[in-house]
Amino acid sequence: MQRNYSLLTLLTVFIVATAVYSGFILFKAAGLPVQVNILNAHSATLAPIAGIPLPAGIQAGDRLELAAQPLPTREVIGINTLSAYLAATLPLGHTYDFVIERSGRRVTVPVSAVNSSDASGILVVQWISFLQIVLLSILALLITWRGRDRAAVGMAFWTIGNIFGGAMAFPLDGLAGLIAVATANFGFVVARVGFYIMADAIARPILSLRMRRLYLGVFVLVLSAGTVLVSLGGPFIYAATGWAGGLLPISGVLWSASYLVPIVLLLNSYQHATSSQRLRLRWMLWSSVIWLAGIVASNTPVLSVQFSVAFTDICQLLGVMGFLYAVLRHRVLDVSVVLDRTLVYGTVTALVVGVLAAVNSLVQHAALGTSASLLLQVAVPLSLGIVLTRVRAYLDRIVEQMFFHKKYLADKALRRFARLCSGYENAGALMTDAVSEIRQHLRTRGVAIYERRGAEYVQVQHAGEVAYPERVKVDDKAFVAARADQQDIDLIDLHSELGSDGYVFPMAAHGEMPNVLVCANRPGEHYAADERQMLLHLAHEMGMALYALRMNSKARIVEVLAQAPANALTEVQQRARMLLSAETAA
């Protein structure tokens, strides 16, 4: 799969820039000093926000006739209500006239936007939200650069849509403010579409096409209704007509329901999944439910402002943490290895070089001074370098066993087996043990060995749940690529009868490729470069061992021919056929 690195770079800049702005504006938010509780499509009441004094002339429980509010006030109510109050960003100090119904008469009271950070306990909530932004950005960058399948594409849209929506908190009011809120909610629409794409990709190998189409139809219907009536249309409809039905808490449930459909899809998939698939789906389901709880609290704020905002941010933080864990630990999405030996060893080397430079500078300035001879100035850093090189080698061994313990053991076992290949005297036993060792140590879902016979490759050994074809034509694209490159071949780049998941390793010997090793990827995880290199080495050793066994068999045939009497042609042919059959069967 070719990647457009220019696009990936632009997306990275976009993700980082929007995340930085979201984190900055989070602590600069300004909003109304009162909570507007929408009772029905025509009226609302005002409630105090703990820590923020009520404006002069406003009393707790004051009633608003929503259609009677001036246009600027209707616009700011639409912005503030749909933005979950304390997440809203209005121009600090701007004043809006609220028409209040009190004792059978209408009173106009000016209300100015205040700093939302003055609310009680909101600082802790802001830091929780900030941490959520950081983790969401890490997840977005991880999937953008390392994701490889359709589920990863869907989650990339989900993360980027949420980051974009959070970054649209510009200090605006009026029509510009409504457009900013609508733009933010467009990002949240994209996020919902991405979330459904991810759920559908996970359900694809489990549920039937008909069932998935049914879920798609329900999702499109619910998302369209929520978008038109609530997310994008709600504040505009209220500002233009005075009808606030789209701002009701019950309407927020419709907007939240667009997340419920893909979650039900995941739940249905979980019920029909295998045990290994259930382990991976379980974290996605729990994370999705927790995330949905936060979305419902945000879109349906029936309790106090502080509780709604705190509950929303905590649930969303836990949800993002769950998704990140599911991706990194259970590989629910197909992402390539993130933490590999090159990265860790490079970090260790950088630390050692930094220590060398610091110690060398300290010794030169504190001990040697400026009058030391040139020989001494060269000898000291050279000695430090030799010592720290030994330290780095020691640290490498510690890193190998701490960070890559399972890989370390697997690599050690398979390399030991590769050394033993030349000691086998039976080809069948060699291939049987090889398949067993690879499956045991690499936890692959399937492994097979093919042998060339005429114009096709025939499967001679197989283990695992992946069903490889019994016969494959000799010019299958995977085999052609393996013969041409003599390297590991990623099946995802080819249209091969072997499928698109896994790698092909040539078992070449002396310019020929009579055998081929095929390994499926671990569930949701591609092999790292060092693992592929090790498998390529193993395949080469097996190829050389099998070649030696063939040569021995042919040598025995020649020996039989050479020792046979001239009048025993029939007997010689029979013994030659027996040896040849034994070689083929082995």
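The points below go from the overall picture to salt bridges, the sheet and a surface patch.

1. **Overall picture.** Please keep in mind that this is a predicted model. The protein has 586 residues, and 49% of them are buried. Its secondary structure consists of 17 helices and 13 strands. If you look at contacts with a separation of 6 or more, 66% of them come from residues 24 or more positions apart.

2. **Surface.** The accessible surface of the protein is about 28,000 Å². Carbon and sulfur atoms account for 64% of that surface.

3. How many salt bridges does the structure hold? The count is twelve. In general, side chains of opposite charge can pair when their charged atoms come close.

4. **Asp200 with Arg150.** In this salt bridge, the closest N and O atoms of Asp200 and Arg150 are 2.9 Å apart. The pair links distant parts of the chain, 50 residues apart: Arg150 belongs to helix 4 (residues 150–167), while Asp200 belongs to helix 5 (residues 174–203). Are the two partners buried or partly exposed? Asp200 has a relative accessibility of 7%, under the 20% cut-off, so Asp200 counts as buried. Arg150 has 38%, which lies between the cut-offs of 20% and 50%, so Arg150 counts as partly exposed.

5. **Asp200 with Arg212.** Asp200 also meets the side chain of Arg212 in a salt bridge, at 3.1 Å from N to O. Arg212 sits in helix 6 (residues 209–231) and Asp200 in helix 5, so this pair ties together parts that are twelve residues apart in sequence. Arg212 counts as buried because its relative accessibility is 11%, under the 20% cut-off.

6. **A buried pair elsewhere.** Do have a look at Arg522 and Glu531 too, whose side chains meet in a salt bridge with an N to O distance of 3.0 Å. Arg522 is buried, and Glu531 is buried as well.

7. What is the strand order in the open sheet of six strands? Reading across, the order is 10-9-8-13-12-11, and the pairing is antiparallel. Strand 10 (471–473) and strand 11 (489–490) are the edge strands, each pairing on one side only.

8. Eight bridges join strand 8 (residues 446–453) to strand 9 (residues 456–464) in the antiparallel sense.

9. **A nonpolar patch.** Which residues make the nonpolar surface patch of about 220 Å²? They are Leu131, Val134 and Ile138. Leu131 has its place in helix 3 (residues 122–146). With a relative accessible area of 40%, Leu131 is partly exposed.

Conventions
Residues are numbered from 1 along each chain as its sequence is written. This is a predicted model: local features need pLDDT of at least 70, side-chain atom pairs count only at pLDDT 80 or more; totals for chains, interfaces and linings use all residues. Side-chain values use heavy atoms; hydrogens and water are left out. A salt bridge is a side-chain nitrogen of Lys or Arg within 4 Å of a carboxyl oxygen of Asp or Glu. Helices (H or I, at least four residues) and strands (E, at least two) are DSSP runs, numbered from the N terminus. Buried means under 20% relative accessible area, exposed over 50%, partly exposed in between (1.4 Å probe, protein chains only). Two strands pair if DSSP finds at least two bridges between them. Contact means heavy atoms within 4.5 Å. Accessible areas come from the Shrake-Rupley method with a 1.4 Å probe; for residues, only the protein chains shown count as cover. Patches are made of residues with over 30% relative accessible area and no salt bridge: like charges are joined within 9 Å, nonpolar side chains (Val, Leu, Ile, Met, Phe, Trp, Tyr) within 5 Å.
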